[in-house]
Amino acid sequence: MNGLRLGTPELVRRGMSACDMAELAGLIVEGLDPDVEPETVAPRVAHWRTRFTGVHYTADQP
């Protein structure tokens with residue numbers, strides 16, 4: 001793998017901000033670590049993701 005592209009517009013649209021990026025980065029690093037079983041990271045990612053349920057900055061919302 002030569003890189004990982006993240007759709008930052010999609011992250012913002014889901015409601016994430018700069019304050020959330022350090023935690024997201026940590027989860028990504030841990031998830032990509034070959035010494036870490038994905039099953040140990042997945043529940044924490046799922047729990048973290050529950051904070052972002054809305055859709056922001058779309059034409060159909062004020």
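## Ground rules

Helices here are DSSP runs of H or I with at least four residues, and strands are runs of E with at least two, numbered from the N terminus. By that scheme, phenylalanine 52 sits in the segment after α3.

This is a predicted model, where local features need pLDDT of at least 70 and side-chain atom pairs count only at pLDDT 80 or more, while totals for chains, interfaces and linings use all residues. Residues are numbered from 1 along each chain as its sequence is written, and side-chain values use heavy atoms, with hydrogens and water left out.

## Phenylalanine 52

At 5% relative accessibility, phenylalanine 52 counts as buried (under 20% relative accessible area, 1.4 Å probe, protein chains only). Setting aside residues up to four places away in sequence, Phe52 touches Arg14, Gly15, Met16 and Asp20 (contact means heavy atoms within 4.5 Å).

## Aspartate 20

Aspartate 20 belongs to helix α2, residues 18–32, and is buried too, with a relative accessible area of 10%. Leaving out neighbours within four places in sequence, Asp20 is in contact with Gly15, Trp48, Arg51 and Phe52.

## Helix α2 against α3

Helix α2 packs on helix α3 (residues 38–49) at about 160°, with the axes 10 Å apart (axes are lines fitted to C-alpha atoms over the stretch in contact, and angles run from 0 to 180 degrees between N-to-C directions). The pair is therefore roughly antiparallel (angles over 145 degrees). On the α2 side, the contact includes Asp20, Leu24 and Leu27; on the α3 side, Val41, Val45 and Trp48 are among the residues involved.

Notes
Buried means under 20% relative accessible area, exposed over 50%, partly exposed in between (1.4 Å probe, protein chains only). Angles under 35 degrees count as roughly parallel, over 145 as roughly antiparallel, 65 to 115 as roughly perpendicular and the rest as oblique.
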